[in-house]
Amino acid sequence: INTGELVGFEALARWVSSEVGFVSPAVFIPIGEKTGNIYKVDRAILKSVLAWQQERKKLGKRLYPISVNISPSHFYYPNFVSNIEQLIKKYDVDPKYITFEITESIELEDVICAKKIINELEAIGIATSIDDFGVGYSSLGYLQELPFEEIKIDKSFTDSIAETRMHAVVKTIIQLAADLNMLSVAEGVETEAQHEGLQEIGCNLGQGYHYYKPMSLEEVNELLEQYE
């Protein structure tokens, strides 16, 4: 936020069907979760990300960290970490360019298991991020137990940052992240006023329409040509 440097991306699930056209993630993701097939969506997105990074590596271009959302059921899936490690080795991409976002709303009730998985991911070089921070009810209860490297501040907080009380809440979250040696990332930054407000209170990173709208990998490649 302080320098304006582009430092990474988040991979978003988008589906354009040849039969019905655009299908909203709000439609197909809940169906994937309900039918137990959401891990296939996760893996398809991760494969696309790894293939893109592999191609950039072959071309000698700079690689950027990519955040990939992991569904709750997939996160706790047997052999989750070993399967991920195999994929990364297959594409020959340094794991440091992958961050897994784990949504706070999954209610990480099995803290011991979650901590084990996060530590295993860290051991192979994959960072983890707690997504949508602040909208759940047990954040602080497990935040001290789980070695996340990043806090993503929910968009609903960013939307209301101009309000005095919300400004104080966001400032506290950012300070908490700093005290825990975690990066703070504000989601849903849409205006210059929000950007300046976050900058003023020391937020590390921002993402949202104020910077760039969602784009295809082809559009991302065109964008990055400006930096190469």
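Nine salt bridges are counted in this predicted model, where a salt bridge is a side-chain nitrogen of Lys or Arg within 4 Å of a carboxyl oxygen of Asp or Glu. Residues are numbered from 1 along each chain as its sequence is written, and side-chain values use heavy atoms, without hydrogens and water. Because the model is predicted, local features need pLDDT of at least 70 and side-chain atom pairs count only at pLDDT 80 or more, while totals for chains, interfaces and linings use all residues.

Start with the charged pairs. Glu 5 and Arg 62 join through their side chains, with N to O at 3.7 Å. This pair links distant parts of the chain, 57 residues apart. Glu 5 sits in the segment before S1, and Arg 62 in the loop between helix H2 (38–58) and S4. Helices (H or I, at least four residues) and strands (E, at least two) are DSSP runs, numbered from the N terminus. Glu 5 is partly exposed at 48% relative accessibility, and Arg 62 is partly exposed at 40%. On this scale, buried means under 20% relative accessible area, exposed means over 50%, and partly exposed lies in between (1.4 Å probe, protein chains only).

A second pair is Asp 92 with Lys 57, at 3.2 Å from N to O. Lys 57 is partly exposed, at 41% relative accessibility. Asp 92 is partly exposed too, at 49%. Its backbone also deserves a look: phi of Asp 92 is near 55 degrees, a positive value in a residue other than glycine. Most residues other than glycine have a negative phi. Asp 132 also has a positive phi, about 55 degrees, and is not a glycine. Asp 132 lies in strand S6 and is partly exposed at 22% relative accessibility.

Now move to Lys 155 and Glu 190. Their side chains form a salt bridge at 3.5 Å, N to O. Lys 155 belongs to helix H7 (residues 155–159), and Glu 190 to the loop between strand S8 (183–186) and helix H9 (192–200). The two are 35 residues apart. Lys 155 has a relative accessible area of 33% and is partly exposed; Glu 190 is partly exposed at 40%. Elsewhere, salt bridges link Glu 10, Glu 101, Lys 152 and Glu 187 in a network.

Next, the sheet. Seven strands form an open sheet in the order S1-S4-S5-S6-S7-S8-S9, with parallel pairing. Two strands pair if DSSP finds at least two bridges between them. S1 and strand S9 (205–206) stand at the edges with a single partner strand each, so one side of each has no neighbour in the sheet. Strands of a sheet pair through backbone hydrogen bonds.

Follow the order from S1. Strand S1 (residues 9–11) is joined to S4 by three bridges, and the two run parallel. Ala 11 stands opposite Val 68 in S4. Strand S4 (residues 66–70) has four of its five residues buried, so the rest of the structure largely encloses it. Five bridges join S4 to strand S5 (residues 98–103), again running parallel. Here Asn 69 has Glu 101 in S5 as its bridge partner.

Further along, strand S6 (residues 127–133) and strand S7 (residues 150–153) run parallel, joined by three bridges. Ser 129 has Glu 150 in S7 as its bridge partner. Helix H8 (residues 164–179) packs on the sheet and touches S6, S7 and S8. The direction of H8 makes about 170 degrees with that of S7. Axes are lines fitted to C-alpha atoms, for helices over the stretch in contact, and angles run from 0 to 180 degrees between N-to-C directions.

Zero disulfides are counted, a disulfide being a pair of cysteine sulfur atoms within 2.5 Å. Cys 203 is buried at 2% relative accessible area, whereas Cys 113 is partly exposed at 28%.

Notes. Contact means heavy atoms within 4.5 Å.
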